[in-house]
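I opened this notebook page to record what I looked up in one protein model, going from the whole chain down to single residues.

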Amino acid sequence: MNKYVKRTLKILGIIAGSIVGIVLIFALVLTIGEYRPDDVEQVELTGQAEKSLTKGESITLLSWNIGYGGLSETADFFMDGGKGVRTQDEDQVKKNVQAVIDTIKEEQPEIVFLQEIDRNSTRSYGIDQVQTIGDAYSGYQSGFANNFKVLYMPIPIPPYGHINSGIMTLSKYSATKAERISLPCPFSWPIRLLQLKRCLLVERIPIKDSDKELVLVNLHLEAYDDGEGKVEQTKKLEELMQTEREKGNYVIAGGDFNQTFSNIDTGKYPLQSDDVLKCGEIDKSVFDPSWQFCMDTTYPTCRSLDRPYDRTDEKFQFYVIDGFIVSDNIKVESMETINKDFANSDHNPIKISFTLSE
C-alpha cells in the first residue's frame with residue numbers, strides 16, 4: 001500500500017471518528033438535558049377567573065389543537081409523510097395565533113383546552129404563545145403543562161431546533177388545584193430523547209353548595225407509536241377518570257386523542273392511502289358503560305399533513321380524532337365541530353355544551 005493510499009485512509013478514518021465522536025457527544029448532551037418530569041407535578045395557575053360554578057348552568061368548552069401556529073393550510077410536515085419543517089414565516093405564525101384568539105372570542109366559551117401551544121420554540125420563532133393567548137382575555141384563569149421539551153432536535157434538514165411546547169387550559173371558573181399527570185412514554189433511548197413526554201393537564205373546579213368538583217382533563221395522546229403507547233395512555237386516562245367518578249365528581253376529558261372512538265362512524269373519511277398517518281381507535285368497552293363518548297363527524301376535525309391542503313382534491317385525507325369523554329352525571333346539550341376549513345391549523349376546533357346534573 002503506497003503512502004498516498006495510507007494517508008487517504010488515515011484522513012478518512014479521522015473524519016469518520018470525528019463524526020462518530022460528535023454524534024456521541026451530542027447524544028450525551030441530550031441525555032443529560034432530557035426532560036424527565038415527575039409522575040405528578042403541580043401546575044401554576046395565572047390570571048383571575050370571574051365566575052363560580054353552580055349546578056344547572058350551561059357551560060361551553062372549546063378544544064383546539066392549534067398546531068403551534070405553524071400548520072396552516074399551506075403546511076405539510078415531515079413526520080406525517082410531507083417534507084416541511086418550518087413551513088410558515090414568522091408573520092404567518094402570528095396570523096395563525098391571532099386567528100385562534102379571534103375564534104375563542106367569537107365563541108365565548110367558559111372553558112378552553114388548547115393543544116400544541118408553544119413557548120420559545122424554534123419552529124414558531126420563539127413566540128410565547130401561552131402568554132400571547134393568555135393576555136388576550138380577561139376573566140380567565142390559565143394553566144400550562146409541558147409535553148414536548150427538547151434542547152435541540154438536529155433532524156431533519158433544516159433542523160427542527162429547540163422545542164418547548166405543551167397543553168393549556170383557560171377557564172372562567174377558578175380552580176383550586178392543577179396538576180400535570182405524566183402518561184406512559186412508549187419510546188426507548190435514544191429515540192425517546194427527541195419524542196414528546198405526553199401528559200394530562202388536570203384542573204379541579206369547586207362547585208357552589210357542593211363538596212364535589214368538576215374535574216377537567218386536557219389531553220393530547222400519542223400519535224407516532226406502534227399502537228401500544230396509545231393503549232397504555234388510554235388505560236391511564238380511564239383509571240384517573242374512573243377514580244374521580246367514584247368520588248362523585250363530575251369529569252370531562254377532551255382534546256386530541258389521535259384516535260377515533262369505537263362508537264363513532266367515521267365512514268365519511270376513509271383511509272385514502274397507506275402512505276398517510278393511520279389513526280387508532282379507542283374501544284369504548286374498555287370504559288364503564290356509563291361514560292359518554294362524544295365526537296361530531298359533520299366536518300373532519302383533522303387533515304393529513306402529507307401535503308398542503310388541497311380543497312379541490314376529493315381524495316384528500318381527513319380524520320375525526322378530537323372529542324370528549326364525559327361522565328354520566330353530566331348532561332351533554334350539544335357537541336359540534338367548528339368548521340374553520342383548516343385555514344390556520346391542521347385541526348378544526350370542537351365545542352361541547354353541558355350542564356352538571358343535580
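**Ground rules.** I am working with a predicted model, in which local features need pLDDT of at least 70 and side-chain atom pairs count only at pLDDT 80 or more, while totals for chains, interfaces and linings use all residues. Residues are numbered from 1 along each chain as its sequence is written, and side-chain values use heavy atoms, with hydrogens and water left out.

**Whole chain.** I looked up the secondary structure and noted four helices and 18 strands in the protein chain, where helices (H or I, at least four residues) and strands (E, at least two) are DSSP runs numbered from the N terminus. The radius of gyration is 22 Å, close to the 21 Å that the globule rule gives for 358 residues, so the chain is as compact as a globular protein of that length; the radius is taken over C-alpha atoms, and the rule is 2.2 Å times the number of residues to the power 0.38. I also noted that the C-alpha atoms fill a box of roughly 90 × 45 × 40 Å along the principal axes.

Buried residues make up 53% of the 358, with buried meaning under 20% relative accessible area, exposed over 50%, and partly exposed in between (1.4 Å probe, protein chains only). Of the contacts with a separation of 6 or more, 75% join residues 24 or more positions apart, a contact being heavy atoms within 4.5 Å.

**Helix α2.** I checked α2 (residues 90–107) and found that its 18 residues reach 26 Å from first C-alpha to last, close to the 26 Å expected at 1.5 Å a residue; the expected span is 1.5 Å times one less than the number of residues. Its buried residues, among them Val 93, Val 97, Val 100 and Ile 104, pack against β3 (59–65), β4 (111–118) and α3 (129–135).

**Helix α4.** Gly 248, which follows α4, has a positive phi near 95 degrees.

**Ser 171.** I placed Ser 171 in strand β6 (residues 161–171), where this serine is buried, with a relative accessible area of 0%. Leaving aside neighbours within four places in sequence, Ser 171 is in contact with Ala 49, Glu 110, Ile 111, Gly 139, Tyr 140, Gln 141 and Ile 205. Ala 49 is 122 residues away along the chain, yet the two C-alpha atoms are separated by 6.7 Å.

**Backbone details.** Most residues other than glycine have a negative phi, and most peptide bonds are trans, so I listed the exceptions that I came across. Gln 108, in the loop between α2 and β4, has a positive phi of about 50 degrees although it is not a glycine, and Gln 108 is exposed, with a relative accessible area of 57%. Asn 120, in the loop between β4 and α3, has a positive phi near 60 degrees and is partly exposed at 46% relative accessible area. The peptide bond from Ile 155 to Pro 156 is cis, with omega near -10 degrees, and Pro 156 lies in the loop between β5 (141–153) and β6.
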